[in-house]
Amino acid sequence: MNERRMLDDQHFETMIEEESICTSSNVVYDAPHKALYDTPMHYCPGCGHGVVHRLLAEVFEEMDIIKEVIGVAPVGCSVLAYNYLNIDMSEAAHGRASAVATGIKRVLPDKLVFSYQGDGDLAAIGTGETIHTCNRGENILILFINNGIYGMTGGQMAPTTLPGMKSTTSPFGRNVETMGNPLKITDLVAQLPGTVYVTRQAVHKPVNVRKTKKAIQKAFEYQQNGGKGTCFIEVVSNCPSNWKMTPLDSNKWMEENMLPFYPLGDLKTPSGKEN
Ligand SMILES: Cc1ncc(C[n+]2csc(CCOP(=O)(O)OP(=O)(O)O)c2C)c(N)n1
Ligand code: SF4
Ligand SMILES: [Mg+2]
């Protein structure tokens, strides 16, 4: 038997082995096919947006609310969220997602409404809408993906950019003397009487992915049970492309630099118990 033939036989055996293992009865983890379209996402490898989309889809399927949820997509990298989530969705002009979500919820109070927004969208262009939506206590979920940068437009400084953090508009690092302090908008909305559940999570590790999913689920459960105000979930995330790091390095950097500044955990819960 020549060497080539031996390799072919080995390859064949491996294939047979894989075929007998990869059967539908052996599947332990699969994509949420009902709530997520089976299409490639445009997000960069390692970007947190894709993980959060998946979590949303899992929650929709598990809570059986696919037909009841309405999402509002922002302007930013997640502008195309409606191409991935198989639910009713609307697009909003830059920063206005929570205002659009307010309108939808008021017209269709039985629907479960959420906005999905980046930090530039929510904490810069839409600061006014965010604060007033939360202060009015609209019964919606605001899902806020904070990667500390304007991802879509090429990595400009955002209100959430850390002190000393480099961006295309702060190439020597953010100088708070001239560029101002980063805005901890989640801490701010937690102080408003209209918010009922405010939490800060992440998706860089399995344990954090699970906690974020739990938070999303809780927020929809509160809304389903009548809701007593705005739910606000910040997900501290990464932007490997504009941070100019590998996905792995970006998660490490995020943990070492973003999390001390934006600590994870509940800031406000309906029961008043924070963790
Ligand atoms: C009124 C207005 N200002 C600016 C822009 C340009 N713009 C599009 S996306 C974006 C940044 C989005 O950043 P972020 O919300 O943090 O989302 P990310 O891409 O980081 O997820 C900007 C400034 C615009 N489309 N409309
Ligand atoms: S540019 Fe950044 S935020 Fe946008 S998809 Fe790529 S990694 Fe994600
Ligand atoms: Mg951003």
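Visitor: How many strands form the open sheet, and in what order?
Guide: In this predicted model, seven strands form an open sheet in the order 2-1-3-4-6-5-7, with mixed pairing. Two strands pair if DSSP finds at least two bridges between them. Strands (E, at least two residues) and helices (H or I, at least four) are DSSP runs numbered from the N terminus.

Visitor: Which are the edge strands?
Guide: Strand 2 (88-91) and strand 7 (265-268) are the edge strands, each pairing on one side only. From one strand to the next, the twist averages 20 degrees.

Visitor: Before going on, how are residues and chains labelled?
Guide: Residues are numbered from 1 along each chain as its sequence is written, while chains are lettered from A and ligands numbered from 1 in the order in which they are written. As the model is predicted, local features need pLDDT of at least 70 and side-chain atom pairs count only at pLDDT 80 or more, whereas totals for chains, interfaces and linings use all residues.

Visitor: How many bridges join strand 3 to strand 4?
Guide: Five bridges join strand 3 (residues 112-118) to strand 4 (residues 141-146), and the two run parallel. Ser115 has Ile142 in strand 4 as its bridge partner.

Visitor: And strand 4 to strand 6?
Guide: These two strands also run parallel, joined by six bridges. Asn146 stands opposite Val236 in strand 6. Val236 is also the bridge partner of Ala202, and strand 5 and strand 6 pair in the parallel sense over seven bridges.

Visitor: What covers the buried residues of helix 8?
Guide: The cover includes helix 2 (48-62), strand 3, strand 4, strand 5 (195-202) and strand 6 (230-236). Among the buried residues of helix 8 are Ile216, Ala219 and Phe220. Just after the helix, Gly226 takes a positive phi of about 105 degrees.

Visitor: Changing topic, what surrounds ligand 2?
Guide: The surrounding residues include Tyr43, Cys44, Cys47, His49 and Cys77; a residue counts as near if its C-beta atom, placed from the backbone, lies within 6 Å. Helix 9 (residues 240-243) gives the most to this shell, with three residues.

Visitor: How many residues surround ligand 1, and which are the closest?
Guide: There are 19 residues around ligand 1, the closest being Gly76, Cys77, Gly118, Gly120 and Gly151. Helix 4 (residues 119-125) provides the largest share of the shell, four residues.

Visitor: Which residue has a positive phi of about 55 degrees although it is not a glycine?
Guide: That residue is Asp64, in the loop between helix 2 and strand 1. Most residues other than glycine have a negative phi. Asp64 is exposed, with 9 other C-beta atoms within 10 Å.

Visitor: What about Lys244, and where does it lie?
Guide: Lys244 has a positive phi of about 60 degrees although it is not a glycine. Lys244 lies in the loop between helix 9 and helix 10 (247-261) and is exposed, with 11 other C-beta atoms within 10 Å.

Key
Axes are lines fitted to C-alpha atoms, for helices over the stretch in contact, and angles run from 0 to 180 degrees between N-to-C directions. A residue is buried if 20 or more other C-beta atoms lie within 10 Å of its own, exposed if 12 or fewer, and partly exposed in between; C-beta atoms are placed from the backbone. Two residues are in contact if their C-beta atoms, placed from the backbone, lie within 7 Å.
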